[in-house]
Amino acid sequence: MTKTKMTGAEALVKLCEQHGVTHIFGYPGGANIPVFDALLDSPIKLVLSRHEQGATHMADGFARATGRAGVALVTSGPGATNAITGIMTAQMDSVPMIVICGQTITPNLGLDAFQEADVSGISYPVVKYSYLVKNVENIPEIVKEAFHLAETGRPGPVLIDLPKDVSSTVFTPDFSVPIRLPGYTVPEFTDTKAVARAAKKLRQAKRPVILAGHGALIAHAWDQIRTLAETMNIPVVTTLLGKGVIPEDHPLCLGMLGMHGTAYANCAVRECDLILNIGSRWDDRIIGKPEKFCPDAFKIQIDIDHSEYNKMIPVDQFIEGDAKAVLDALLVEVQPGDTAEWVAKTATFRKQYPLKVSVANGLEAQYVLRTLDTLVPDDTVIVTDVGQHQMWAAQFCHVKQPNCFISSGGAGTMGYGFPAALGAQFADPKATVVAIVGDGGFQMTEAELSTAAIHKLPVKILILDNKFLGMVRQWQDLFYDKRLVGVDLEGNPDFVKLAEAYGVKAFHVDTVDNVESVLKEALAYNG
């Protein structure tokens, strides 16, 4: 086989092609021109964002919708630092992503050159790994390693900082170079004795609960969780990012746990005598005060990342491994216990503390979201921004299928929802994708309306415009004696006119009477 000479940038793009990359989301600058130039001759679709944060969120949404690493391409200095927010968002939610940053030439590193930033150093706390490429010969190995690291084990973002002289250098790449990561291993589940102990505890439990988190979705363990719940007759609660791991209209599904979850999910966890945590990191929005989180329950945790062991709360049993593999082994061992009375009691919680919607005082966001929930297909991809609307969407939009609810959980990144929805729409152009955003977060990345219009993406954007930073206002109401400060969004634009300025169709709803008709028209609109 004849080896071909090419630039470092051309080799990088070719390696992306070999890995199956179909889209790269990015923004150009002087330091990354060689990579943009190489994309001209590539079948990879370049999506020009209007801001680097938008590019990383698009790559994030693409990754969550497909399970494959999303790729973002930004330039050096402020281009790279603008991407840090999106990288942190992906890291907090275990999202596979490759971020390629242009960098000043290697002789200028550390000399405060134009648009130079120590991006690998800045990014270390918010990536799974970060590379600074100093030798063009290393590009094939580094790119292969980067994708492997991003997509295996507990996924996460990997950054490749690429100086312009390295990306411009001509060499003969060896694409057959093997991956050499002696310090990195993906945990393989082997502890069958631990599974047998867990099965025994599940059988003995009178009031068990399954807690399913994002890790369960990453592991594709939804069939196993549903089978386990039905076989053992155990109620299921989920985290925000675990929504969809079991259909939310399933009789055993109690919805989302935590400070913004359903009351009946929280009641079930409060009174359980065993909780089986599958792929959740026991985040603070779930457990509240650690010492008071179901203190009398036997706690079993399944997680592929050993660093989660006893990180937030002490657990009685930790099983390290891929959730799907562990549950496959567990299903061989389990035998149904006596939970009929417990399941009946959790059903009374649902009746006693239902989610309520009222239009007595006029149009409310909850009513809009409940109406939307009745109109969209079961495979609709709901993507939210961060704030009150996010929690209302989690409560009133019932997810029936896996990977159909995308949101920023750990980082809580305002501005995430709209560009992430564009990424999800790029992943599946025929899908129904709805971005549910607040007026605050939407204005942080609203320039991506241009991206949506240029590519004729049929994403639907629902802006819940209450002219306040609603979540902060709610906390000021509850905990700061209603002393409101810094939350009034006076000066919001006319969002309909704003959309029309970008050539995007827009509707305005301000009464209860036309919510359903306008939502139907918007969903049916081809664009």
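**Close-up 1. Glutamine 476 in helix α20 of the predicted model.** In this predicted model, glutamine 476 is buried, with a relative accessible area of 9%, and its place is in helix α20, which covers residues 470-479. Leaving aside residues up to four places away in sequence, glutamine 476 touches Asp481, Lys482, Arg483, Leu484, Val485 and Val487.

Close-up 2. Strand β7 (residues 157-163) is largely enclosed by the rest of the structure, because 7 of its 7 residues are buried. In a regular strand, side chains alternate between the two faces of the sheet. In β7, Pro157, Leu159, Asp161 and Pro163 point one way, while Val158, Ile160 and Leu162 point the other way, and all of these residues are buried. Strand β5 (residues 97-103) runs parallel to β7 and is joined to it by 7 bridges, and within this pairing cysteine 101 stands opposite aspartate 161. Strand β6 (residues 129-132) is likewise parallel to β7, the two being joined by 4 bridges, and here the bridge partner of leucine 132 is aspartate 161.

Close-up 3. Strands of a sheet pair through backbone hydrogen bonds, either parallel or antiparallel. Strand β15 (residues 381-384) pairs with strand β17 (residues 433-438) in the parallel sense over 4 bridges, and valine 381 stands opposite valine 433 of β17.

**Close-up 4. The covered helix α16.** Helix α16, which comprises residues 388-396, is mostly covered, with 9 of its 9 residues buried. The buried residues are Gln388, His389, Gln390, Met391, Trp392, Ala393, Ala394, Gln395 and Phe396.

Close-up 5. Cysteine 253 is buried, with a relative accessible area of 1%. Cysteine 272 is in no disulfide either, the nearest cysteine sulfur being that of cysteine 294, at 4.6 Å; cysteine 272 counts as buried, at 4% relative accessibility.

**Close-up 6. The setting of these views in the whole chain.** The chain contains 22 helices and 18 strands, and its C-alpha trace spans about 70 × 60 × 45 Å along the principal axes. For 527 residues a compact globule would have a radius of gyration near 24 Å, and the chain, with 24 Å, agrees with this. Of the 527 residues, 54% count as buried, and the accessible surface comes to about 22800 Å², of which 52% belongs to carbon and sulfur atoms. Among contacts between residues at least 6 apart in sequence, 75% join residues at least 24 apart.

Methods:
Residues are numbered from 1 along each chain as its sequence is written. This is a predicted model: local features need pLDDT of at least 70, side-chain atom pairs count only at pLDDT 80 or more; totals for chains, interfaces and linings use all residues. Side-chain values use heavy atoms; hydrogens and water are left out. Two strands pair if DSSP finds at least two bridges between them. Buried means under 20% relative accessible area, exposed over 50%, partly exposed in between (1.4 Å probe, protein chains only). The radius of gyration is taken over C-alpha atoms; the globule rule is 2.2 Å times the number of residues to the power 0.38. Contact means heavy atoms within 4.5 Å. Accessible areas come from the Shrake-Rupley method with a 1.4 Å probe; for residues, only the protein chains shown count as cover. A disulfide is a pair of cysteine sulfur atoms within 2.5 Å.
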